[in-house]
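Please examine the structure shown below. The paragraphs that follow lead through it step by step.

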Amino acid sequence: MVLFIAEAGLVGGLLGGVLFGAWMTVTNKLFGWHGNDVFSSQAIADHKCFLRMHLEASGLTIYPLKIAKVCRDWKLGTGARSRPATARPGSCAPAAAAAPASRQRSRSRSN
């Protein structure tokens, strides 16, 4: 019984992962579905998007950030051993920051 459960888990896990990956790939290629899901699992450094959320008492502000190309030309800052690396001037474009996309007011509960 224990061997059956182990085999079912191993085979089912592998087969399920392969079938799910095949489904995502085929439906993206044929119909254009799941594009965000397909590309989010790949280790592509470029074209990343982030949401910066700022929560205040007055509400939530969301700032979308987009990085079209990640800087690959890094140089360690002069005289710094433990400081983070900095990019050479002009070698990388800064992240594109947009205006706040969403502003939600917090609602107070009244009993």
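The largest share of the lining of the largest pocket, four residues, is supplied by helix 2. Helices (H or I, at least four residues) and strands (E, at least two) are DSSP runs, numbered from the N terminus. Helix 2 (35-40) and strand 1 (48-56) each contribute at least two residues to this lining. The model is predicted: local features need pLDDT of at least 70 and side-chain atom pairs count only at pLDDT 80 or more, while totals for chains, interfaces and linings use all residues. Residues are numbered from 1 along each chain as its sequence is written, and side-chain values use heavy atoms, with hydrogens and water left out.

A pocket is an open set of points on a 1 Å grid over the protein atoms alone, where a 1.4 Å probe fits and protein lies on both sides within 12 Å along at least five of seven lines; lining residues have an atom within 4 Å of a point. The residues that line the largest pocket are Gly35, Asn36, Phe39, Ser40, Ile44, Asp46, His47, Lys48 and Cys49. By class, this lining has three nonpolar, four polar and two charged residues, where Ala, Val, Leu, Ile, Met, Phe, Trp, Tyr, Cys and Pro count as nonpolar, Asp, Glu, Lys and Arg as charged, and the others, Gly among them, as polar. The space in the largest pocket comes to about 260 Å³; grid points are joined across faces, edges and corners, and the volume is the space filled by probe spheres set on the points.

Ala45 is found in the loop between helix 2 and strand 1. With a relative accessibility of 35%, Ala45 counts as partly exposed; buried means under 20% relative accessible area, exposed over 50%, and partly exposed in between (1.4 Å probe, protein chains only). Leaving aside residues up to four places away in sequence, Ala45 touches Val70 and Arg72, a contact being heavy atoms within 4.5 Å. Ala45 and Lys69 are 24 residues apart in sequence, and their C-alpha atoms are 7.6 Å apart in space.

Rings of Phe, Tyr and Trp (its six-membered ring) pair if their centres lie within 6.5 Å; planes under 30 degrees apart count as stacked, over 60 as edge-to-face and the rest as tilted. The count by this rule is two aromatic pairs. The ring centres of Trp23 and Trp33 are 6.4 Å apart and their planes stand at 55°, so this pair is tilted. Trp23 belongs to helix 1 (residues 2-31) and Trp33 to the loop between helix 1 and helix 2, 10 residues apart. Trp23 is partly exposed at 47% relative accessible area, and Trp33 is partly exposed at 41%. Trp23, Phe31 and Trp33 form one aromatic cluster.

Across the protein, two helices and six strands make up the secondary structure, following the pattern α-α-β-β-β-β-β-β along the sequence. Of the 111 residues, 9% count as buried.
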